[in-house]
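Student: Could you take me through the aromatic ring pairs in this structure, with a close look at one of them and the cut-offs behind each term?

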Amino acid sequence: MVRKHLAYYLAHLTQDIPAGIVVFLVALPLCLGIALASGAPLLSGVVAGVIGGLVVAWASGSQLSVSGPAAGLTVIVLQGIEKLGGFEHFLLALILAGLMQLALGFLKAGTIGAYFPSSVIKGMLSAIGLILITKQLPHAVGYGQDIVGEETYLPQDAEGTFSELLQAMGSISPGATVVSAVAIAIMVLWESRLIRSVPLLAQIPGPLAAIAWAVAFNLSMAGSSWEIAPEHMVQLPDIRGFEDLAGRLIFPDFSRIMDPAVYTVAFTIAVIASLETLLSLEAVDKLDPLRRVAPTNRELKAQGVGNLLAGLVGGLPITAVIVRSSANINAGGRTKVACFIHGLLLLLSVGFLARYLNHIPLAALAAILLMTGYKLAKPAMVVQVYRQGATQFIPFAVTVMAILATDLLKGIAVGVACGLYYVIRTNFHAAISLTRHGNHYLLRLRKDVSFLNKALLREQLDQVEPDSELIIDGTYAEFVDHDILETIEDFVEAARDDRIVVHLKNLKATHGHAGRNSESRQGDAGAAPLYKISG
């Protein structure tokens, strides 16, 4: 078994190594920005990314999912630190959250991810794609400092997103614009047959080629007006070696282990992080070109281990993150080795590579995320969902708009509610059907018929005309509510006035109403029976 797995991973190294480098380059500024927005030490974001790559990747059953700090938890982290009075106390809550996630995994709570409609998951992906495009356009033209927010449309300050875009268009940096435009052209070209026909170039991911172009261009423009400003470059903290890194780690304070407030924060983190993880996992499974399905309960356990370790060594909360996972897939990643390499490079970056990585323009990373955003929200996918009908397209569109108007989790909740409405509506109409042939009617009960169908049942029974014959067939009904049976019995009682003969089929035997329906009722002496029971 081990040999088989080792051979499997080795077979994809040529794809996973370049993809891991690309994911690392995308993840690095996000780890730093999320830590900054969370009110936590900058290093805590990188620590979380390292644990997500080195530990969670191997504990997880997903081959392509990337784990690390998530922008969707920034507000919870910020409020948690303020509520508990320090990052050390927050780390204790994070340890407890990890233990809670482990418990959820062992309790098999991961199956909840399968109950999210595919239209909602597609809507989530499209919304994140649009968010990426609007958030990264300012960086693509050399404007803006908001490097967080890959999972939220709303900006980190009071300024509106479209206002920021308009300001960006009025403050274009020529160097950054050229870098991003050419980087996008390189990535598009890299997917063409021309590049794929050259074996050497085909082994290099387009995003990595785009990064190389950006660094080379900016170095060649040093000292000119086309040089990109330092604030629009990757900025790593100055840490010299692993000893310096270890000395900067923050460790949890266990003195408040009995404080209820700590458990409240821990529970909030565990629930939100688990939901984000399960949603991301569902989305990654849909994007996986090999159509693999990751075990959700194992994923919860893996995230629990990751958050437990993050709390012990001073990291931010960890979840599976869709943007970095999408970048991994788009860069050609095939196994969890790509995520591992991304974590390894994050670890090396803070100790040895900072001076080199600080030469990468943010415009190049923005170009990679713009391409990722386009692939998540490509028009062809929207058209495909539209052609599937209103029951798929409306929940899809509602999810997109709700996420853009609020945030990821609230938008998903609105989309699920919309999807459930259509599921209930479809089942509602499918539960009862009425067909007519002359003065003969067949009313068929299917699946589960509950009190919610009572109004529909009355509407159908009202269509039965006098002097006719009606068969009410419950053969295919697995469950019929007591309210439905009473409605049928009331109709039978009233049917004699309209001279309607009613046949009840497979209702008495299934539902046990023998007392009232055990015999055929007779109307006036010598009249035809008003209803008969069979089955």
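**Aromatic pairs in the predicted model**

Tutor: The protein chain has an accessible surface of about 23,700 Å², 63% of which belongs to carbon and sulfur atoms (Shrake-Rupley method, 1.4 Å probe; for residues, only the protein chains shown count as cover). The model is predicted, with local features needing pLDDT of at least 70 and side-chain atom pairs counting only at pLDDT 80 or more, while totals for chains, interfaces and linings use all residues. Residues are numbered from 1 along each chain as its sequence is written, and side-chain values use heavy atoms, with hydrogens and water left out.

Searching the whole structure gives eight aromatic pairs, where rings of Phe, Tyr and Trp (its six-membered ring) pair if their centres lie within 6.5 Å, and planes under 30 degrees apart count as stacked, over 60 as edge-to-face and the rest as tilted. The ring centres of Trp213 and Phe217 are 5.1 Å apart and their planes stand at 40 degrees, so this pair is tilted. Both Trp213 and Phe217 belong to helix α11 (residues 206–220), where they are four residues apart, about one turn of the helix; helices here are DSSP runs of H or I with at least four residues, numbered from the N terminus. Trp213 is partly exposed at a relative accessible area of 23%, whereas Phe217, at 10%, is buried (buried is under 20%, exposed over 50%, partly exposed in between, with a 1.4 Å probe and protein chains only).

Tyr421 and Tyr422 form an edge-to-face pair, with 5.1 Å centre to centre and 80 degrees between the planes. Tyr421 is partly exposed at 47% relative accessibility, while Tyr422 is buried at 13%.

Technical notes
Helix = DSSP H or I, 4+ residues; strand = E, 2+ residues; numbered from the N terminus.
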